[in-house]
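Okay, thanks for coming, everyone. I'd like to walk through one model with you today, starting with the whole chain and then going to a few spots in it. Let me put it up on the screen.

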Amino acid sequence: MLPGSNRALSVTLQVQTRKEEPLPPATSQSIPTFYFPRGRPQDSVNVDAVISKIESTFAQFPHERATMDDMGLVAKACGCPLYWKGPLFYGAGGERTGSVSVHKFVAMWRKILQNCHDDAAKFVHLLMSPGCNYLVQEDLVPFLQDVVNTHRALSFLKEASEFHSRYITTVIQRIFYTVNRSWSGRITCAELRRSSFLQNVALLEEEADINQLTEFFSYEHFCVIYYKFWELDTDHDLLIDALDLARHNDHVVVSGYMHPMKNKIIVLSFPLLNSEEQ
């Protein structure tokens with residue numbers, strides 16, 4: 001054996017041994033949590049203090065039950081903007097009996113405070129269907145109906161109930177066009193969080209002129225959209241098909257764009273009125 005060969009062999013074995021040693025597994029303690037689908041938990045929230053304030057508010061109502069008319073006070077006790085009152089009422093099941101008890105509401109809101117840690121997660125939880133974690137178009141109807149019923153700038157609609165569903169339909173389409181950037185038909189907490197929708201909901205309380213809320217709620221904007229719809233819908237069946245759309249702006253829509261629509265009868269529609277509303 002050549003001189004020094006044993007030393008060389010020893011060094012080689014040591015190097016090979018070091019290469020084969022597995023890396024220690026990373027522990028969960030070494031990787032901080034970075035994904036909060038329901039918002040980042042806030043240590044500053046005193047759940048018991050919030051619940052106590054809600055219970056004091058319910059104590060003002062007969063039999064400690066809140067009707068829809070009472071929910072503005074309840075929303076404020078929860079620390080929410082005024083026009084969360086509809087979602088809070090429906091989230092607690094108030095639509096079934098016309099009122100909600102303090103015990104049922106407190107149980108619902110305590111669960112939300114413990115599991116939903118920002119406004120986006122709370123709003124979605126209040127309006128989503130059971131088993132879902134997102135909002136579809138129908139989920140927003142109760143919230144918007146309350147806006148129509150109670151916002152002072154829309155009080156004139158009390159005498160024009162046939163326009164309630166048409167205004168609501170238009171606003172929902174504007175919300176989904178702006179907020180649902182994935183075009184999935186489902187608004188998630190993440191999409192709501194990235195949008196300005198909840199800021200606009202808060203402004204409903206502060207802004208007396210709803211037409212100033214141009215992103216979603218403006219009634220003037222609804223009128224422009226609806227009148228254009230009515231102009232294109234020449235037979236006034238509240239349905240716009242491909243042929244109706246082709247007349248838009250003196251046939252500015254090119255035939256190449258219209259070709260894929262030939263088999264799609266309904267392009268855009270408003271809710272049909274029943275015989276009593278017509």
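This is a predicted model: local features need pLDDT of at least 70, side-chain atom pairs count only at pLDDT 80 or more; totals for chains, interfaces and linings use all residues.

Residues are numbered from 1 along each chain as its sequence is written, and side-chain values use heavy atoms, with hydrogens and water left out.

The protein chain has 14 helices and six strands; those are DSSP runs numbered from the N terminus, H or I over at least four residues for helices and E over at least two for strands. There are 278 residues, and 38% of them count as buried. Buried here is under 20% relative accessible area, exposed is over 50%, and partly exposed is in between, with a 1.4 Å probe and protein chains only. The chain exposes about 17100 Å², with 54% of that supplied by carbon and sulfur atoms; the areas are Shrake-Rupley, again with a 1.4 Å probe, and for residues only the protein chains shown count as cover.

Now find α7 on the screen. Seven of its nine residues are buried, so α7 is largely enclosed by the rest of the structure. The buried ones are A120, A121, K122, F123, V124, L126 and L127. And what sits over them? The cover includes α4, α6, β3 (134–135), α8, α10 and α11.

That brings me to the second largest pocket, with a volume of about 470 Å³. It has 20 lining residues, and Y90, G91, H125, L126 and M128 are the closest to its centre. Two or more lining residues come from each of α4 (85–91), α5 (94–97), α6 (102–115) and α7 (119–127). The largest share, five residues, is from α6.

Points are joined across faces, edges and corners, and the volume is the space filled by probe spheres set on them.

By class, that lining has ten nonpolar, five polar and five charged residues. Nonpolar is Ala, Val, Leu, Ile, Met, Phe, Trp, Tyr, Cys and Pro; charged is Asp, Glu, Lys and Arg; the others, Gly among them, are polar.

On to charges. Side chains of opposite charge can pair when their charged atoms come close. The rule is a side-chain nitrogen of Lys or Arg within 4 Å of a carboxyl oxygen of Asp or Glu, and it gives five salt bridges.

Take K76 and E205, whose closest N and O atoms are 2.9 Å apart. K76 is in helix α3 (residues 71–77) and E205 in helix α11 (residues 197–206), so this pair ties together parts 129 residues apart in sequence. K76 is partly exposed at 39%, and E205 is partly exposed at 28%.

Then there's D146 with K85, with closest N and O atoms 2.9 Å apart. D146 sits in helix α8 (residues 141–150) and K85 in helix α4, 61 residues apart. Buried or exposed, this D146? Buried, at 5%, and K85 is buried as well, at 8%.

R193 also pairs with D118, the closest N and O atoms being 2.5 Å apart. That one links helix α10 (residues 189–194) to the loop between α6 and α7, 75 residues apart. R193 is partly exposed, at 35%.

Last, some backbone. Most residues other than glycine have a negative phi, and most peptide bonds are trans. E64 has a positive phi of about 55° although it isn't a glycine; look in the loop between α2 (47–58) and β1 (65–66). W183 also has a positive phi of about 55°, in the loop between α9 (164–179) and β4 (187–188). E64 is partly exposed at 34%, while W183 is exposed at 63%.

That's my tour, so over to you.

Technical notes: On a 1 Å grid over the protein atoms alone, a cavity is a set of points where a 1.4 Å probe fits but cannot get out, and a pocket is an open set with protein on both sides within 12 Å along at least five of seven lines; lining residues have an atom within 4 Å of a point. Contact means heavy atoms within 4.5 Å.
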